Amino acid sequence: MNVLPADLSSAALGARDRLGGLARRAASAALQPNDGAGSAAAMGAAARAAIFADALLGAIRARLEEVRAATK
């Protein structure tokens with residue numbers, strides 16, 4: 001039995017990869033001189049991905065809490 005559904009697990013892995021890539025892009029954009037707009041766009045995209053990842057972690061926590069309550 002899988003504790004987490006496959007779609008939730010794959011969404012979490014995708015969110016992790018997406019957030020990592022956007023964080024790298026934001027970091028490299030911040031190093032470019034005179035590229036304030038590109039840096040702000042990269043940081044905004046990373047922030048949106050972080051918000052999604054946080055919501056996804058909330059869903060995972062809720063699922064694990066349901067499993068914990070069912071096993072008591």
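A residue counts as buried when its relative accessible area is under 20%, exposed when over 50%, and partly exposed in between (1.4 Å probe, protein chains only). Keep that in mind as you click through this tour.

You are looking at a predicted model, in which local features need pLDDT of at least 70 and side-chain atom pairs count only at pLDDT 80 or more, while totals for chains, interfaces and linings use all residues. Residues are numbered from 1 along each chain as its sequence is written, and side-chain values use heavy atoms, with hydrogens and water left out.

**Stop 1: helix H1**

Start by selecting residues 6–30, which form helix H1. Helices here are DSSP runs (H or I, at least four residues), numbered from the N terminus. How far apart are the end C-alpha atoms of H1? They are 36 Å apart, which agrees with the 36 Å that 25 residues should span at 1.5 Å a residue. The expected span is 1.5 Å times one less than the number of residues.

Now colour Leu8, Ala15, Leu22, Ala26 and Ala29, which are buried residues of H1. Helix H2 is part of what covers the buried residues of H1.

**Stop 2: the largest nonpolar core**

Next, select Leu8, Ala15, Ala53, Leu56 and Ile60 together: these five residues make up the largest nonpolar core. Both H1 and H2 give two or more residues to this core, and H2 provides the largest share, with three. A nonpolar core is a set of buried Ala, Val, Leu, Ile, Met, Phe, Trp, Tyr and Cys residues joined through side-chain atoms within 4.5 Å. In soluble globular proteins, nonpolar side chains tend to be buried together.

Centre the view on Ala15. Setting aside neighbours within four places in sequence, Ala15 is in contact (heavy atoms within 4.5 Å) with Phe52, Ala53 and Leu56.

**Stop 3**

Move on to Ala49, which sits in helix H2, residues 36–71. Is Ala49 buried or exposed? Ala49 has a relative accessible area of 8%, so it is buried. Apart from neighbours within four places in sequence, Ala49 touches Leu19 and Leu22.

Ser39 counts as buried because its relative accessibility is 8%. Which residues does Ser39 contact, leaving aside its neighbours within four places in sequence? They are Ala29 and Ala30.

**Stop 4: the salt bridges**

How many salt bridges does the structure hold? There are three, each with a side-chain nitrogen of Lys or Arg within 4 Å of a carboxyl oxygen of Asp or Glu.

- Show the side chains of Arg16 and Asp17, which meet in a salt bridge at 3.3 Å, N to O. Arg16 is exposed, with a relative accessible area of 53%, whereas Asp17 is partly exposed at 47%.
- Go to Arg63 and Glu66, whose side chains form a salt bridge at 3.7 Å, N to O. Both lie in helix H2, three residues apart, about one turn of the helix. Arg63 is partly exposed, at 29% relative accessibility.
- Finish with Glu65 and Arg68, joined by a salt bridge at 2.7 Å, N to O. These two are three residues apart in helix H2, so about one helical turn separates them. Glu65 is partly exposed at 40%, and Arg68 is partly exposed at 42%.
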